[in-house]
Amino acid sequence: MERNSINPAVLVWARESAGLGLAEAARKIGLSASRNLSPAEKLAQIEQGARAVSTSLLECMSKAYHRPLIAFYAATPPPTGERGADFRTLPPDRRCEDAPTIDALIRDIKARQALVRELVEDDEGVEPIRFVNSLTMDTPISVAAQAIAGALGFTSRGFRRGPVEAGFAYLRELVERTGVFVLLMGNLGSSHTNISAEVFRGFAVADRFAPFVVINDQDAKVSWSFTLLHELVHIWLGASGISGGSADSRIERYCNDVASALLLDQAELEGFVWTGDDRALEAINQIAQEARVSRSLVAYRLFRSHVVTEIVWRTLTDRFRQEWLAERERLKAIEKTARKEKPGGPSYYVVKRHKLGDALVDLVRRSVAEGNLTPSRAGQVLGVSAMNVQPLISGKAA
């Protein structure tokens with residue numbers, strides 16, 4: 001192949017849009033070190049046009065970067081993939097953080113959603129989901145919350161019957177029954193591509209046949225239910241897009257207000273007085289524990305109820321997050337030690353099914369059984385190789 005037949009800028013775009021650094025990309029495409037150059041340095045030379053790229057290496061890049069081979073023959077890099085609306089209010093330096101990884105993740109989500117939509121539309125008698133785009137931001141918060149709770153059959157009692165994980169499972173099941181697919185995705189399949197919840201909290205695809213909600217599972221588990229409801233409000237508004245960062249925009253405040261109203265009734269905050277001491281913090285802890293929600297959600301409701309100032313709310317939110325990050329690192333160290341002493345834990349398939357959700361796995365299972373989906377396309381929907389589809393959807397793999 002001629003050295004100049006491939007635009008080096010396209011190679012850079014393909015790698016960066018896949019969320020890969022030079023070293024990781026070089027490893028994934030199988031470059032080896034030579035006497036004078038590391039694999040990363042070789043790849044850098046290829047991307048600078050100083051070293052030729054073979055057809056076989058392009059094929060490796062195609063697989064590693066999740067791009068069709070023909071994409072590498074484009075004259076110039078294409079525009080950044082469409083994310084839908086970006087509801088985040090981040091400073092410029094934070095907006096660029098993890099941007100290639102987020103683009104790759106959302107491209108993956110939208111490709112899966114498009115395949116799922118085809119499957120859903122092929123079902124006889126399927127009708128558009130009525131609640132998608134049924135609200136506006138002029139709808140009062142209480143009315144919107146009642147509409148969503150009624151459509152889901154959601155009750156605080158049901159949500160609070162068990163620990164935080166049980167509450168999320170309860171809510172997720174109710175949401176998936178309405179036709180919304182709920183996925184847990186916070187990276188591109190490896191911990192090296194983890195995305196901070198501060199720059200990406202959730203993503204909603206407000207499609208009337210196959211709406212998707214994606215939750216960043218790198219966030220605290222106690223926050224997952226709130227994020228699910230927040231993104232669900234986006235679907236009710238008919239507003240697809242990405243959420244994260246602070247709730248400074250009107251639509252993000254609206255979604256936060258409706259979601260928090262569903263999880264924590266205003267009456268549960270009556271009598272609270274912010275004194276700025278340990279007793280006030282303990283009161284917030286108590287409310288959060290009883291409601292199975294995060295302390296940050298309680299602080300937000302107190303702010304929106306004019307019980308605390310915005311400065312107090314933001315200070316508390318930052319404090320609670322720093323405490324959670326410290327606790328997460330402590331638990332990671334404990335888990336690492338425990339795994340060394342007693343290896344084991346949930347299998348790959350159990351974890352994968354949990355991340356995908358019952359609704360998506362069940363749809364693929366039915367479609368494969370009915371001959372409407374090949375193992376290859378099923379793998380694309382599930383984000384696994386074709387050989388892993390059957391053990392994943394059968395539920396029999398240990």
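Q: In which loop is E124 found?

A: Helices (DSSP runs of H or I, at least four residues) and strands (runs of E, at least two) are numbered from the N terminus. E124 is found in the loop between α6 (99–122) and α7 (141–152). This is a predicted model, in which local features need pLDDT of at least 70, side-chain atom pairs count only at pLDDT 80 or more, and totals for chains, interfaces and linings use all residues. Residues are numbered from 1 along each chain as its sequence is written, and side-chain values use heavy atoms, with hydrogens and water left out.

Q: Does E124 count as buried or exposed, and why?

A: Buried means under 20% relative accessible area, exposed means over 50%, and partly exposed lies in between (1.4 Å probe, protein chains only). E124 counts as exposed because its relative accessibility is 81%.

Q: Which residues lie in helix α2, and where is E24 found?

A: Helix α2 spans residues 22–28, and E24 is found in it. E24 counts as buried because its relative accessibility is 15%.

Q: With which residues is E24 in contact, leaving aside its neighbours within four places in sequence?

A: Contact means heavy atoms within 4.5 Å. With those neighbours left aside, E24 is in contact with S190 and H192.

Q: How is K221 placed in space relative to V164?

A: K221 lies in the loop between β4 (212–215) and α10 (224–237). Although K221 and V164 are 57 residues apart in sequence, their C-alpha atoms are 7.3 Å apart. Apart from neighbours within four places in sequence, K221 is in contact with V164 and E165. K221 has a relative accessible area of 46% and is therefore partly exposed.

Q: How many salt bridges does the structure hold?

A: A salt bridge is a side-chain nitrogen of Lys or Arg within 4 Å of a carboxyl oxygen of Asp or Glu. The structure holds 23 salt bridges. One of them is formed by E118 and R377, with the closest N and O atoms 3.3 Å apart. This pair links distant parts of the chain, with E118 in helix α6 and R377 in helix α17 (residues 375–382), 259 residues apart. E118 is partly exposed at 42% relative accessible area, and R377 is partly exposed at 32%.

Q: Where do E176 and R172 lie?

A: Both lie in helix α9 (residues 164–177), 4 residues apart, about one turn of the helix. E176 and R172 form a salt bridge, the closest N and O atoms being 3.8 Å apart. E176 is buried, with a relative accessible area of 12%, and R172 counts as buried at 7%.

Q: Why are R365 and D362 separated by about one helical turn?

A: R365 and D362 are separated by about one helical turn because they are 3 residues apart in helix α16 (residues 358–369). Their side chains meet in a salt bridge at 2.5 Å, N to O.
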